Amino acid sequence: MTNTAPQSVPFGSILTDVMAIAWFRKGRWEPHALKPVGPIEIHPAAHALHYGSECFEGFKAYKWADGSVHVFRMDRHIERLRRSARALVMPEPDAAQLAQMVVEVIDRCRAAVPDAPAALYLRPLLFGTMPNIGAALAPTDEACLVVLASPVADYFAGASKPLRVYLEEHATRCASRLGVVKTGGNYAAALGPTLAARQHHNVDQVLFCPGGEVQETGAANFLAIRDGHILTRGLDTTFLHGVTRDSLLRMAPDLGFRVEERIFTVAELLAWVKTGEAALSGTAVVLSGVGTLLRGREEFRVGSGTVGPNTQKLRAALVAIQQGTAPDRHGWLTRV
Ligand SMILES: Cc1ncc(COP(=O)(O)O)c(C=O)c1O
């Protein structure tokens, strides 16, 4: 790895030197190995390349002021990968082996874990390698599991910059049954509408609201926030069940917020933001405030148009746990 500061490069564009890799063959996971990051040889008929048997995860390890390194909610992310694998009828990674792979990568790349607020982003990736182009209706019986690591800064340059978000009421982010699965095809499906909105409306992100119901953006969940109250869509299969969302909702009562999880509409959201706040939540974006919503060509200012005080309060409380300046009362961190 070059000695580039993560702040100076786009999110995820530099990797550490070492990855962990394991293969599923003959009905079982083989022992994993640590290897230099580099190309993997797979057959051009590999199932993932033709029939999309692929899923992944993303989470972070933080360096505390005392130099120790802590992974945030690793178990939960590993469970989500296993759930994605099940949904796509792929070999499920063994939770203990995957945790060990993550720990070994971090341990070998310890010097590359940047100081907070930057972090080491971990990216487990699972893909089907069975070489058979006739297997559209057959699950892959071979797979590869890789763990990559990337030193990252904030996803959006400047955590305090309010985002411009386009309300997409027609296109869906992905097939509705698969919203809950973290698979590459969902991101490919969201790319066209997202790039079009960026080009035509100069926005940072698209909030998918098919049929007028607020869902999520291409890579983050959506929360409407105001004094003492958080509103967000209730868990269903149409969107990814974010670990950051779950963490914020679990912290919310202690911070004086009532949590309401239900379906809500664009009309309701536009009424809410006259005085309330809105934010995107995710591992990469943490909790990023929305300053403007666009519906067609019409612009709606969210609250004062800046990142609101409740958004800042929730973000600060979460970041304090991750960076070890507040106690980890929920047992969310794993020291490596
Ligand atoms: C589509 C989508 N929604 C939501 C999230 C937020 O999930 P998490 O908080 O687990 O990072 C992500 C990021 O992983 C995502 O890609």
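Helices (H or I, at least four residues) and strands (E, at least two) are taken as DSSP runs and are numbered from the N terminus. The model is a predicted one, in which local features need pLDDT of at least 70 and side-chain atom pairs count only at pLDDT 80 or more, while totals for chains, interfaces and linings use all residues. Residues are numbered from 1 along each chain as its sequence is written, and side-chain values use heavy atoms, with hydrogens and water left out.

The loop between strand 1 (18–25) and strand 2 (28–29) contains Lys 26. The phi angle of Lys 26 is near 50°, a positive value in a residue other than glycine. A residue is called buried under 20% relative accessible area, exposed over 50%, and partly exposed in between (1.4 Å probe, protein chains only). Because its relative accessible area is 86%, Lys 26 is exposed. Val 89 is placed in the loop between helix 2 and helix 3, and with a relative accessible area of 52% it is exposed.

Another backbone feature concerns a proline. The peptide bond that leads from Ala 116 to Pro 117 is cis, with omega near 10°. Pro 117 belongs to the loop between helix 3 (95–108) and strand 7 (119–128).

The loop that joins strand 7 to strand 8 (143–152) includes Gly 134. With a relative accessible area of 60%, Gly 134 is exposed.

Between the C-alpha atoms of Gly 218 and Phe 239 the separation is 9.8 Å, for a distance of 21 residues along the chain. Ala 220 also lies in the loop between strand 11 (216–217) and strand 12 (221–226), and its relative accessibility of 5% makes it count as buried. From Ala 220 to Ala 279 there are 59 residues in sequence and 9.4 Å in space, C-alpha to C-alpha.

Thr 183 provides a further case of a loop residue that is covered. It is situated in the loop between strand 9 (163–168) and helix 4 (184–201), and it counts as buried because its relative accessibility is 6%. The side chain of Thr 183 reaches the backbone oxygen of Glu 54 at 2.5 Å. This falls under the definition of a polar contact: a pair of N or O atoms within 3.5 Å, where, within protein, one must be able to donate a hydrogen and the other to accept it, and residues adjacent in sequence count only if both atoms are side-chain atoms.

How many of the residues of helix 5 are buried? The count is 8 of the 9, so helix 5 is largely enclosed by the rest of the structure. Among the buried residues of this helix are Val 243, Thr 244, Asp 246 and Leu 249. Met 251 is also part of helix 5, and at 5% relative accessibility it counts as buried. Met 251 and Ile 225 are separated by 26 residues in sequence and by 14 Å in space, C-alpha to C-alpha.

The account now turns to the ligand. Helix 2 (74–87), helix 5 (243–251) and strand 15 (277–282) each contribute at least two residues to the shell around it. Of the 17 residues around the ligand, those that come nearest are Tyr 187, Glu 216, Val 243, Thr 244 and Thr 283; a residue is near a molecule if one of its heavy atoms lies within 4 Å of it.

One lies 2.6 Å from an N or O atom in the side chain of Thr 244. A polar side-chain atom of Arg 80 is found 2.8 Å from a ligand oxygen, and a polar side-chain atom of Lys 182 likewise lies 2.8 Å from an oxygen atom of the ligand. Taken alone, the ligand exposes 380 Å², of which the protein buries 96%; accessible areas come from the Shrake-Rupley method with a 1.4 Å probe, and for residues only the protein chains shown count as cover.
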